[in-house]
Amino acid sequence: MAEPSARGYAGSGGPGSGPRDPYRTESGGPNEPHGTGPDGTGAGSAWPDGIEPDGAEADGIEPDGAEADGPDSPEGLAGGDGAEDLPPPPFRSNRRRRRRGRRAAAVLTVLAAGGAVAVAGLGLGGDADTGGGASGGLPPNTAQVTRQTLRDLHTADGTLGFGDTAEIVSRVSGTVTAVPETGERITRGEELYAVDDLPVTLMYGAVPAYRPLKEDVEGPDVRQLERNLRALGYTGFTVDEEFTGATASAVEAWQEDVGLEETGVVDLGRVVFVPSAIRVEAVETEKGGTVQTGAKILSYTGTAKAVTVELEPEHLRLAKKGAAVTVTLPDDTRAAGRIDRVSTVVRPATGQQEATTKVEVIVALTGAKAQKAASRFGSASVDADFVAGTRPDVLTVPVAALLAFAGGGFGVEVVTGTTSTYLPVTTGLFAEGRVEVSGDGVTEGAVVGMPK
């Protein structure tokens with residue numbers, strides 16, 4: 001039988017140099033004191049009771065994983081009656097091993113889990129006491145079970161600005177006679193630009209202008225126009241989806257005020273609908289230039305500060321619209337934010353650079369306090385903390401404290417004085433280097449084994 005592996009705490013060395021192996025004795029023989037060799041130097045045999053080196057078989061253990069004959073065949077081994085039970089602890093005291101005689105010892109398998117090394121073990125029946133004291137092989141380090149709120153947190157680099165940009169194109173042709181300044185804010189009812197000395201006006205709405213609006217026309221774009229007229233102070237009509245004579249009269253009054261011919265008809269291209277007030281990002285034409293229908297006039301953003309973040313595709317779970325995000329500004333001020341928009345950005349391959357796919361997230365800074373804090377900066381690099389999940393008031397242990405049983409499931413080694421006990425646990429959220437645990441006997445303040 002091959003030598004059983006050493007206990008797999010993170011950071012341990014090989015046999016003889018790292019933490020204890022629960023299946024090793026430190027005696028030179030069955031009749032010598034634990035922890036000493038024949039000469040009393042501690043250099044005795046490293047083989048547990050009932051296991052001989054060089055492949056020799058111990059009494060009561062069959063080769064190639066076969067079960068031992070007789071009534072003493074241990075429960076919990078593959079094929080035994082107790083195979084479906086929770087796996088018992090992977091280690092028991094020398095006292096109990098001697099009382100039961102030479103029994104089979106399971107091999108520990110070292111696993112990597114969540115960046116920490118855990119121990120896989122399949123023990124034999126009986127209690128889980130380690131025997132106590134240094135000779136009983138207590139863990140090399142310990143930690144406490146704590147009660148806290150766990151957050152699945154991911155921090156990403158972001159850029160502070162004004163979020164997404166969009167374009168405005170002309171729906172009329174002619175000579176550009178007025179354009180806004182870069183950075184200028186334009187709100188409802190104000191002039192965006194002018195063609196042939198006639199203004200193009202900004203109004204709010206989600207439905208883009210796509211037809212002339214006049215008497216007897218019906219639809220949501222009519223309601224949108226009437227809402228804007230009402231907000232600008234024009235009255236005498238009902239806000240609905242019908243363009244009536246009363247609506248035409250309000251349109252004529254508005255046309256007089258902005259310097260258009262009073263026709264009662266809103267020609268296509270004289271109003272641009274956007275969701276809210278805008279900030280001019282860049283002007284794409286010049287005063288005095290000639291534009292045709294479809295020509296780009298300007299690009300714009302919203303007026304509120306926002307953060308743009310690019311996430312790797314594996315972090316898509318973090319990008320849920322409406323989810324809260326905390327932004328850390330260059331002066332370490334923390335500002336509240338909320339995910340406003342999520343989109344996938346594919347950048348084609350260029351030269352030797354392979355094509356990439358990113359998840360672009362626009363985080364709107366929420367509230368006057370956050371906007372005021374961000375207004376001190378123009379474009380700046382910031383940190384954005386995304387929370388994918390939260391588990392309030394749960395018991396937690398360091399991830400490295402988990403022991404993974406070969407038969408399935410996890411456990412922890414609870415240390416009491418000079419003895420320790422292996423207890424099975426159910427795991428929950430893994431976050432911040434800790435893991436949520438629950439199980440019988442696992443209580444707040446309990447001491448659990450840890451690697452060095």
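Two strands count as paired here if DSSP finds at least two bridges between them. The views below come from a predicted model.

**View 1. Strands E20 and E21 side by side.** Strand E20 (residues 410-416) and strand E21 (residues 419-431) run antiparallel, with seven bridges joining them. For a handy landmark, look for Val414, which sits opposite Thr421 in E21. At the turn, the hairpin of E20 and E21 has two residues between the strands, and Gly417 takes a positive phi near 65 degrees.

**View 2. On from E21 to E22.** E21 also pairs with strand E22 (residues 434-438), again antiparallel, this time over four bridges. Here Ala431 faces Arg434 in E22. Two residues lie between the strands of this hairpin too, and Glu432 has a positive phi near 55 degrees.

**View 3. Inside the largest nonpolar core.** This core has 24 residues, and Leu160, Leu311, Leu329 and Phe386 make the most contacts inside it.

**View 4. Zooming in on Phe386.** Setting aside neighbours within four places in sequence, Phe386 is in contact with a run of residues from Asp152, Leu153, His154 and Ala156 through to Val309, Leu311 and Leu318. Val325, Ile339, Val361 and Val363 complete the list of its contacts. One of these partners, Leu311, is also among the residues with the most contacts inside the largest core.

Technical notes
Residues are numbered from 1 along each chain as its sequence is written. This is a predicted model: local features need pLDDT of at least 70, side-chain atom pairs count only at pLDDT 80 or more; totals for chains, interfaces and linings use all residues. Side-chain values use heavy atoms; hydrogens and water are left out. A nonpolar core is a set of buried Ala, Val, Leu, Ile, Met, Phe, Trp, Tyr and Cys residues joined through side-chain atoms within 4.5 Å. Buried means under 20% relative accessible area, exposed over 50%, partly exposed in between (1.4 Å probe, protein chains only). Contact means heavy atoms within 4.5 Å.
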